Amino acid sequence: MVVKHNKKSMTGNDAASYAALFAKPKVVSAYPITPQTTIIEKLSQYVDEGKLDAEFIIVESEHSALAGCMGAAWSGVRTFTATSSQGLLYMAENVFWSGYGRLPIVMPVVNRCLAPGWSIYQDLQDSMAFRDAGWIQIYTKNNQEVFDTVLQAFRISEDKSIALPSMPCLDGFVISHTTAQVDLPSAEDSFNFVGEYSDPVIEVDTEKPWIFGGLVGPEKFIKDRTDLMEAMERAKKKIVDMNKELGEYFGRTYGNGLIEIYGDDVADLTIVSMGTIADEAQDAVDKLKEEGLSVNEMRVRTFRPFPEEDIVEFAKKNHKLLVIDRSVSFGHAGQLRIEIEAVLHRNKVDTSVEGRIMGLGGEDVPYTKIVAAAKEALRSRM
Amino acid sequence: MTKGPSSPILFPIEGAAGRTGDWRTHKPVVDPELCIKCNICWKFCPDNAIYRADKEKDQIIKFDYEYCKGCGICASECPSKAIKMVSEDE
Amino acid sequence: MKVTQKDLLNIPKKALLKGHFACAGCGSTLAFRHAIGAISDKVILVVPASCASVYQGGGKGAAFNVPTINTAFAASDAVASGVRRAMKMKGLDDRKIVVWGGDGSGADIGIATEIGACDRQEDILHIIYSNNVYGNTGGQRSGDTMIGAKTATTPYGNTTPRKMVPFIMMANNARYVATASSGYLEDLVYKVKKAVSMTGFKLIQIDAPCPPNWRSDSADTVKIAQLAVKTGVWPLFEWDRETNIVEISRPSKKYEDMNNRVNLTEWTKLQGRLKTITEDQLKSLKDDTERQWNFIRKFM
């Protein structure tokens, strides 16, 4: 089924709130933080105008924003919130609690750097700090993908065999506050894609006196964590399926859902990155090709679960990777680079890897900078 | 229906902490002559370990020694001093 | 609506099963058994990190016989809000969403969340069983610790007055606020039943003696709780937003008059934590008690 196209101009945040509106969550629990705020502002407006039949909980902190969603998720209803930066950090224990507690919450993170000094601009330091929290993390490249990914996120999270919260990530301002064209399906078509949340992962009620999250011994603890690991593995297939289904419904796909390749299948240099830098890198690839250089690009769309097989398969046939990180694990390196090096080593792939940290604190990363970095990397190639 | 996730869910059972009667150093003993079947001991038992008295059936209270931790609240609250705490060693 | 001992016998189902993990003579489980038992057919419990997250059991099963969600220390009232709103969307308004936690969460780490839920007038009941310390972690001072009490972090006696959560909630538009005691269970059950019959945020704070941390004889739990009322140090009252009137509860009535009060040392001498209370501390405990009574009197 391919639906009617309806091109509209909107910001990335608007795209996220449209997707949430169309998915019809029953409880939205939220707290403002720049640059996320306009997502939840719109939703409160939809609720007040009667366009969205939901309870909107205006909480006093991000810690409570996510806790409100957790209460709703435990009660077996669809739930949504969004946050950024310090807000995500303030939620921290609940982020882990809902991941390890297998609660299907959808929470876009509008990526913004962490203080000090104060900066409201984009880098990925915030969500990267939560890669171990048991959440699905999908990094988007533009407004259209934000809309599509939020819709997909409900499907992925609410799948009973997966039951993990989702964090669609979008770069602050570059996506969140920048108006771009989005092909917006109708509310009905969008809801058809998402579907009812009719077979809840979990549902507390008086008829079922179960006790959630009490004391457990190591055996049960390890069983639960092992299941979480396996659920992440199952999520990979689900994300690929969702990508195909998105194509069938709306005529759009993002690579295979896990990674997206741009340019030739084999090149002298492969630029690897995430988010909007990856989008900009496509222009860099075009520019470099014009100059007769052999460069392609791999965008890591899904960071959790980490698409080991897909990355290895592509890296194997290429010669050198230039991994651009927009975040740092201090005392080591950029997280994306660390993880790529790990999977290449584990799979005995000797494609060389060079890392660059770019765009911290909202630093602009135009394609020209990526071109320069790529040329340098090509020069240093053995 | 698909199977849900493996998560830390417990179900209610008696004896979640095992036979808590084993914690006891002193056990309550009721004197049938003195018990006035008022059930005050039953009311104040934090361990739910007293079977209440029934005046109509002329039944006095009874202790569930499997779970009674021997805190002694029943003995100190008994208005007719019908309950004594007796050492488990005796 | 008067509750008698007979009413305590007739509960929908047992909320607390035998063989739980609480210490012998636990005032909190005693209160739980009756308070939650009285509403056990419709209750959904939300439990922050507390003694209650331990004494509910674990491993092979739980001693709580009602649906329970365990949450992070400071998250309970917001989780309860989420549950309440979800139940509303599902048309299940008759469910009683109850937070059951200690004073560590209720008076300290969770108080922002609690005031938040109160401010939103969420339809939940928050019950604080106050053992006056961080009980689970070995008895450190909390915002609700009595003046003079030795705790793991106030080895020479706590010097500052209790943070009065009931008053804070009265000032923040709660629907109903009450204090209660493990020593007066009929009064407690009456207040719990009354609270859940109202819509909005309700708070009940229960004096729950803790033998290991109060260094008291486990057999004295009820006696100590009753003495706290008789000495006036734990006034039992209820406040209703509609009338803005405080009513002194029956067990406390006589002790509003200072002349009727039992000497405070009768209460302190039963507790190791208060045995070493200094003259100065005793005086400031008395002053603080009077300060509480004076606050209450303004609403009478």
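Analyst: Let's start where chain C meets chain A: 42 residues of chain C are in contact with 34 residues of chain A. Please keep in mind that this is a predicted model. How much area do chain C and chain A bury between them? The value is about 2800 Å², and carbon and sulfur atoms account for 64% of it. Three residues deserve a look on screen: C:Asn70, C:Arg85 and C:Met89 together supply 21% of the area that chain C buries against chain A, more than any other three residues.

If you wonder why an area is quoted at all, the size of an interface is often given as the accessible area lost when the parts come together.

Now for the charged pairs. Between chain C and chain A the rule finds 5 salt bridges. One of them to look up joins the side chains of C:Lys90 and A:Glu203, with N to O at 2.9 Å. Polar contacts are counted as well, and there are 12 residue pairs of this kind across the interface of chain C and chain A, both residues at pLDDT 80 or more.

Which elements of chain C each supply at least two residues of the side that touches chain A? The helices are α3 (51-55), α4 (76-89) and α6 (111-119), and the strands are β1 (43-47), β2 (57-58) and β4 (68-70). Among these, α4(C) gives the largest share of that side, with 10 residues.

Strand β9 of chain A, residues 211-212, is joined to β4(C) by 2 bridges, and the two strands run parallel. To find the pairing yourself, pick A:Phe212, whose bridge partner in β4(C) is C:Ile69.

Next, let's turn to where chain C meets chain B. Here 39 residues of chain C and 32 residues of chain B make up the contact. Chain B and chain C bury about 2900 Å² between them, with 56% of that on carbon and sulfur atoms. The salt bridges between chain B and chain C number 2. In one of these, the side chain of B:Lys43 meets that of C:Glu186, at 2.6 Å from N to O. Across the interface of chain B and chain C there are also 25 residue pairs in polar contact, with both residues at pLDDT 80 or more.

On the side of chain B that touches chain C, the elements giving two or more residues are α1 (40-44) and α2 (73-77) of chain B. Helix α1(B) brings the largest share of that side, 4 residues.

In chain A, 28 residues of domain 1 are in contact with 27 residues of domain 2, and the area buried between the two domains is about 2300 Å², with carbon and sulfur atoms giving 50%. The rule finds 6 salt bridges between domain 1 and domain 2 of chain A. For one example, look at A:Lys236 and A:Glu309, whose closest N and O atoms are 3.3 Å apart.

Finally, zoom out to the whole model, where the count comes to 60 salt bridges over all chains. One of the pairs that form a salt bridge is A:Asp183 with A:Arg252, their closest N and O atoms being 3.3 Å apart. What does this pair tie together? A:Asp183 lies in strand β8 (residues 180-183) of chain A, while A:Arg252 lies in the loop between α9 and β10 (259-262) of chain A, so the pair ties together parts that are 69 residues apart in sequence.

How values were computed:
Residues are numbered from 1 along each chain as its sequence is written. Chains are lettered from A and ligands numbered from 1 in the order in which they are written. This is a predicted model: local features need pLDDT of at least 70, side-chain atom pairs count only at pLDDT 80 or more; totals for chains, interfaces and linings use all residues. Side-chain values use heavy atoms; hydrogens and water are left out. Contact means heavy atoms within 4.5 Å. Buried area is the accessible area (1.4 Å probe) that two parts lose on being put together, summed over both. A salt bridge is a side-chain nitrogen of Lys or Arg within 4 Å of a carboxyl oxygen of Asp or Glu. A polar contact is a pair of N or O atoms within 3.5 Å; within protein, one must be able to donate a hydrogen and the other to accept it, and residues adjacent in sequence count only if both atoms are side-chain atoms. Two strands pair if DSSP finds at least two bridges between them.
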